[in-house]
Every structure is written in C-alpha cells, then in structure tokens.
2 protein chains.
Amino acid sequence: MRRDTFQAIADPTRREIINMIAHKSLNINAVAENFDTSRTAIYKHLKILTECGLVQIKQQGRERYCEAKLDKLHEVSDWVAQYKQFWNERFDSLENYLNEIQAKDKKPKNGKRK
Amino acid sequence: MRRDTFQAIADPTRREIINMIAHKSLNINAVAENFDTSRTAIYKHLKILTECGLVQIKQQGRERYCEAKLDKLHEVSDWVAQYKQFWNERFDSLENYLNEIQAKDKKPKNGKRK
DNA sequence: TAAATTTACAACCAAATGGTTACATATACC
DNA sequence: GGTATATGTAACCATTTGGTTGTAAATTTA
C-alpha cells in the first residue's frame, strides 16, 4: 500500500485533521468528536498520517496527543511550485516583484534566461 | 467518486503524466509509450485528469493531443501554503528576504502582524 | 477500397480504501 | 478493587482504484 505525502493529503478528512491539530494538539477522541464518523475511522486516518510522518502521537497518561509535523508538506509544495508559471497570478506577480527587486539590487550578469 | 485536484495528483503515474505534458503536448499513445503499463491504463489516468480539469484533450485528425491545464494546482498550493511556517527553511528564507526588501523599499506602517 | 494507426470503451479482476461493530487493554478516578 | 474513560485492533463490508484483455470505431495512408 502506498504511503506518501501526496496520498495522505488526498483525503479531505485527513486534510481537516491536519488543519485541526496544526493549531493545537488534540487527543484522539477530541479529534474524532469533530467528525460525524466513528472514532475508529478517525483513528485509521491518524494512523495513516503518522505512518507518513505528518502527525506525531505523544502519550500523556491514558491519552494520546496528536501533534502536526508538517515538514513533509514541502514535498508537495516543491512539486507544485514547478508549475507555478501555469497559474500565474498572485504567485507569479510575487516572483516578478522579487525578480525586479533583485535586478535593481544586484545587477545580475544575465537576464531571466534559464 | 471523488474527483478533485488533490486526489488527481495523489497517484504517481498521474504526476508523471502531468510532468510529461507540461513541457509539450503529446498524443495519447505518445504518453502511454513512456510507461510500461497498458495504453488503456494511461487512458484512464488521462480521463481522470481531464475530469479534474488538469488536462485538456484536443483532437487533431485521428490523434488527441493532451495539453496540461495546471491552473487548478493553485488549490493545492494554497492549501499547503497555510502551513509553510511549519517547514521553514528555503521558503521561509525567501519570504524573509522579500519582507526585508519590502521593509527597506516601502517603509510599511505596521510590521508583520497579521 | 483495404490495411494500418489511433482512439474509445465494455467487461472483468485483485487490491486498496474508508467505513462499520465488537471486543480487549491501559490508565485514571472513586 | 471496581468503574469510567481513552485507546488499540480484529473482523468484516461496500466501493473505489488501477490494472487487464478484447473489441469497435474513426481516420490516415497505400
């Protein structure tokens, strides 16, 4: 079974879980309470997320706190960033701005040719 | 059946297809030749990608050319960007750099408080 | 027109996915 | 100790996924 970051965030429930615990660690029951599926179903999502390294679970008494470890999301960010030229709006204008600034600032030898 | 951008790019074969045709449109057979699975399997991936709006197919004689339409990837970019603070390295330094530049350049009224 | 090429798609299949219920275990609380 | 709470997990199920083979249709090309 595939277990990578892309597959992990493909499921909307898992994206919600990430969103939920990114702000504040929650124990497993607390996470599950925010959904109308069973605790077991959420537990399985959490297991997938831990297996992918996006969530870390820390025991505290009888509770397990789910903590978001989102470093791996940079893989997704990197992959998508390759194609930012294709939806050039916001991001593109940010980059253009940066390029302009750099041009003014640093006087690079050659222009924007790759 | 779910059919969204996140699910579309969850499959590594589909990510490869996107990569392949982002540079240059290819007809369906040409895409399939780059994989060791059947043409039918690739055809199905292409169907999913078109249903998600990431690929557009244009007929040209008996051939269909697959063209990448990657605008929708900004959904993924946006979602991931929320969490960039969590893997602060490269991206973070880019942003810091931009912030510094802006600070020098524009003298903003208030700092980085959101 | 006949043959080759390119695509569409039906029918089928094994495995993965996302869910359930039921039960076991571990810890906290009285 | 006994009970309540929090978690782990087995067993099961329907659907989706990603693949296959086989066949049909459309378009060139000879």
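Let's start with how β1(A) meets β3(A): two bridges join β1(A) to β3(A), residues 63-68 of chain A, and the two run antiparallel. Strands here are DSSP runs of E, at least two residues, while helices are runs of H or I, at least four, numbered from the N terminus. Pairing asks for at least two DSSP bridges between two strands.

A quick word on the source: this is a predicted model, where local features need pLDDT of at least 70, side-chain atom pairs count only at pLDDT 80 or more, and totals for chains, interfaces and linings use all residues. Residues are numbered from 1 along each chain as its sequence is written, chains are lettered from A and ligands numbered from 1 in the order written, and side-chain values use heavy atoms, leaving out hydrogens and water.

Back to the sheet. Across from A:Asn27 you'll find A:Tyr65 in β3(A). The open sheet has three strands in the order β1-β3-β2 (chain A), paired antiparallel. At its edges are β1 (26-27) and β2 (55-60) of chain A, each pairing on one side only.

Helix α2 of chain A, residues 12-23, packs on this sheet and touches β1, β2 and β3 of chain A (contact being heavy atoms within 4.5 Å).

Now, over to chain B, friends. The axes of α2(B), residues 12-23, and α4(B), residues 39-51, come within 10 Å and cross at roughly 75°; axes are lines fitted to C-alpha atoms, for helices over the stretch in contact, with angles from 0 to 180 degrees between N-to-C directions. So α2(B) is roughly perpendicular to α4(B), a label covering 65 to 115 degrees.

Terms used. Angles under 35 degrees count as roughly parallel, over 145 as roughly antiparallel, 65 to 115 as roughly perpendicular and the rest as oblique.
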